[in-house]
Amino acid sequence: MQHDISVTGYAFRLRPITIDDASSIIQLRAEQAEKTQYLHPISSDLAIQRKYLLEYFKRPNDYYFVLERLKNNTTEGLIGIYDMTHNPKSAEWGRWILSGKSLGATECCWLIYHVAFDHLGLDVIHSRTVTENQAVVSFHESCGLERGQVLTACYEFNDRAYDAVDHVLSKDRWPEIYQDLSRKAQRIASRLN
């Protein structure tokens with residue numbers, strides 16, 4: 001969905017994805033081939049990626065962002081909020097990938113939660129991670145997210161079904177998580193600036 005939500009942190013910002021970001025999507029996916037094994041595959045054809053973005057712009061309640069470094073405006077990652085429901089008001093966040101050199105993971109999560117709770121007014125945000133992707137499962141838990149149920153055969157790609165861990169953050173816990181992630185993001189940003 002075309003939107004105008006942009007949020008700025010200490011060393012990074014989330015800004016809406018544009019059609020001009022199609023090549024960055026392909027490049028990030030290509031650079032991080034080992035990390036994309038747990039993501040739905042995409043085409044490396046620029047025309048197909050641009051078509052995907054044009055279709056995305058028409059989907060309601062789907063917010064796709066670029067994580068951009070403030071110092072030099074370089075793209076260091078991608079993240080999205082999608083599959084919104086209205087009773088309760090919840091969504092999932094994902095499509096998350098970072099450049100291998102990026103130190104933006106903590107700040108990226110802090111900013112996406114800020115969007116979810118403070119801009120979109122969600123009550124709950126979910127992040128579903130393939131159970132085998134232990135580094136990301138551990139990361140979510142280190143951010144204070146509650147580990148929910150394991151969803152059996154939640155995703156299917158690369159001719160295989162994958163179970164996923166459902167991590168949950170509620171609006172009630174957001175102020176506590178906000179403070180913790182903010183401190184962590186500040187510490188990391190001080191090393192980057």
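I took a contact to mean heavy atoms within 4.5 Å, and with that in hand I looked up how the protein chain of this predicted model is held together along its sequence. Among the contacts between residues at least 6 apart in sequence, I found that 63% join residues at least 24 apart.

**Entry: fold and dimensions**

I next went through the secondary structure, where the protein chain comes to five helices and eight strands. Reading from the N terminus, I wrote down the order of elements as β-β-α-α-β-β-β-α-β-α-β-β-α. For the overall dimensions, I noted that the C-alpha trace spans about 45 × 40 × 30 Å along its principal axes. I then compared the radius of gyration with the rule for a compact globule: for 193 residues the rule gives a value near 16 Å, and the protein chain has 16 Å, so the two agree.

**Entry: burial and surface**

I looked up how much of the chain is covered, and buried residues make up 51% of the 193 residues. The accessible surface of the protein chain comes to about 9600 Å², and carbon and sulfur atoms account for 48% of that surface.

**Entry: charges**

I counted the charged side chains next, and the protein chain has 22 positive and 25 negative ones, with the centres of the two sets lying 5 Å apart.

**Entry: individual salt bridges**

Arg59 forms a salt bridge with Asp62, and the closest N and O atoms of this pair are 3.0 Å apart. I checked the exposure of both partners: Arg59 counts as partly exposed because its relative accessibility is 28%, whereas Asp62 is buried, since its relative accessible area of 4% falls under the 20% cut-off.

In the salt bridge of Arg69 with Glu76, the closest N and O atoms are 3.5 Å apart, and here I found both Arg69 and Glu76 to be buried.

Arg128 forms a salt bridge with Glu92, with the closest N and O atoms 3.1 Å apart. This pair links distant parts of the chain, as Arg128 sits in strand E6 (residues 124–130) and Glu92 in strand E5 (residues 89–98), 36 residues apart. I noted Arg128 as partly exposed, with a relative accessible area of 28%, and Glu92 as buried, with a relative accessible area of 6%.

Lastly, I recorded one network in which salt bridges that share partners join Arg13, Arg15, Asp21 and Glu68.

Key: Residues are numbered from 1 along each chain as its sequence is written. This is a predicted model: local features need pLDDT of at least 70, side-chain atom pairs count only at pLDDT 80 or more; totals for chains, interfaces and linings use all residues. Side-chain values use heavy atoms; hydrogens and water are left out. Helices (H or I, at least four residues) and strands (E, at least two) are DSSP runs, numbered from the N terminus. The radius of gyration is taken over C-alpha atoms; the globule rule is 2.2 Å times the number of residues to the power 0.38. Buried means under 20% relative accessible area, exposed over 50%, partly exposed in between (1.4 Å probe, protein chains only). Accessible areas come from the Shrake-Rupley method with a 1.4 Å probe; for residues, only the protein chains shown count as cover. Lys and Arg count as positive and Asp and Glu as negative; His and the chain ends are not counted. The place of a charge is taken as NZ of Lys, CZ of Arg, CG of Asp or CD of Glu. A salt bridge is a side-chain nitrogen of Lys or Arg within 4 Å of a carboxyl oxygen of Asp or Glu.
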